[in-house]
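Please keep the sequence and the structure in view while reading.

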Amino acid sequence: PLRAADQPLLGKLVLVKNGEGKVYWPSLGIDRIRTWDPRQGYQMYLMTADVLTYPAGSLMGGRVDILRAPESPAHFDVCASVTGSNATVGIPSGTPKLGGLPPGVSLEAGDELAVFSPSAGMCVGSLVWNGPSDAQALTVWGDNQVTQELDGMQEGEEMVWRVWDTSLGMEYEVTVTYQQGEYYHGNGIY
């Protein structure tokens with residue numbers, strides 16, 4: 001989503017996310033932010049410190065986006081969202097290695113992945129898996145510290161993963177391996 005004039009910044013960019021949990025993760029080829037709006041806030045993770053300055057009186061945008069909009073989960077359709085705290089899990093292209101699936105059962109395009117909070121007893125993030133050719137990002141929502149209710153992951157809590165096999169109509173609890181980190185932390189990147 002950044003222009004060619006911002007190439008020095010692009011070389012330092014790891015990940016950008018907005019308040020809705022949408023992600024731009026260039027190393028994985030993920031762009032769900034699509035168009036940037038200078039009136040909105042973004043969190044940028046850079047390899048080294050830098051400053052992004054919007055040109056006066058302009059809006060960054062107008063890019064042609066060739067990515068399709070993500071499909072919405074049908075089984076894991078009631079999940080926490082926009083609590084003000086979230087983490088991002090990158091799922092690189094290829095088929096994720098999931099422990100706990102029965103013999104002969106594998107992840108197929110159209111199946112759903114979800115993260116659950118054991119303490120809140122609820123889904124805190126989900127997506128429809130596009131298949132091995134697409135990298136994807138799953139936003140895991142944390143607890144909103146302003147509300148009395150527990151409505152997301154708590155700091156340091158284990159993320160519990162489930163798969164919905166659409167062809168079999170079965171839900172399975174699975175295990176995943178992260179490249180870094182293992183427990184939920186607000187603004188975490190996994």
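Strand β8 (residues 136-141) is mostly covered, with five of its six residues buried. Here, buried means under 20% relative accessible area, exposed means over 50%, and partly exposed lies in between (1.4 Å probe, protein chains only). Strands (E, at least two residues) are DSSP runs, numbered from the N terminus. The model is predicted, and local features need pLDDT of at least 70, side-chain atom pairs count only at pLDDT 80 or more, and totals for chains, interfaces and linings use all residues. Residues are numbered from 1 along each chain as its sequence is written, and side-chain values use heavy atoms, with hydrogens and water left out.

**Strand pairing**

- Strands β5 and β8 run antiparallel and are joined by six bridges; two strands count as paired if DSSP finds at least two bridges between them.
- Within this pairing, V89 has L138 in β8 as its bridge partner.
- Four strands form an open sheet in the order β7-β6-β9-β10, and their pairing is antiparallel.
- Because β7 (122-128) and β10 (170-174) stand at the edges with a single partner strand each, one side of each has no neighbour in the sheet.
- On average, neighbouring strands of this sheet are turned by 25° against each other, direction ignored; the axes are lines fitted to C-alpha atoms, and angles run from 0 to 180 degrees between N-to-C directions.
- Five bridges link strand β9 (residues 160-165) to β10 in the antiparallel sense, and D165 stands opposite M170 in β10.
- In a regular strand, side chains alternate between the two faces of the sheet.

**Second largest pocket**

- The second largest pocket holds about 500 Å³ of space.
- On a 1 Å grid over the protein atoms alone, a pocket is an open set of points where a 1.4 Å probe fits, with protein on both sides within 12 Å along at least five of seven lines, and lining residues have an atom within 4 Å of a point.
- Grid points are joined across faces, edges and corners, and the volume is the space filled by probe spheres set on the points.
- Its lining consists of 21 residues, and G90, I91, P92, T177 and Q179 lie nearest the centre of the pocket.
- Strand β5 (residues 86-91) supplies the largest share of this lining, three residues.
- By type, the lining of this pocket divides into 13 nonpolar residues, seven polar and one charged.
- Ala, Val, Leu, Ile, Met, Phe, Trp, Tyr, Cys and Pro count as nonpolar, Asp, Glu, Lys and Arg as charged, and the others, Gly among them, as polar.

**Salt bridges**

- The count comes to two salt bridges, a salt bridge being a side-chain nitrogen of Lys or Arg within 4 Å of a carboxyl oxygen of Asp or Glu.
- One of them joins E20 and K22, whose closest N and O atoms are 3.3 Å apart; K22 is partly exposed at 38% relative accessibility.
- R162 and E171 also meet through their side chains in a salt bridge, at 3.3 Å from N to O.
- R162 is partly exposed with a relative accessible area of 24%, and E171 is partly exposed at 34%.

**Positive phi angles**

- V82 is not a glycine, yet has a positive phi of about 40°.
- V82 lies in the loop between β4 (42-46) and β5 and is exposed, with a relative accessible area of 53%.
- N187, a residue other than glycine, has a positive phi near 70°.
- N187 is found in the segment after β10 and is partly exposed, with a relative accessible area of 33%.
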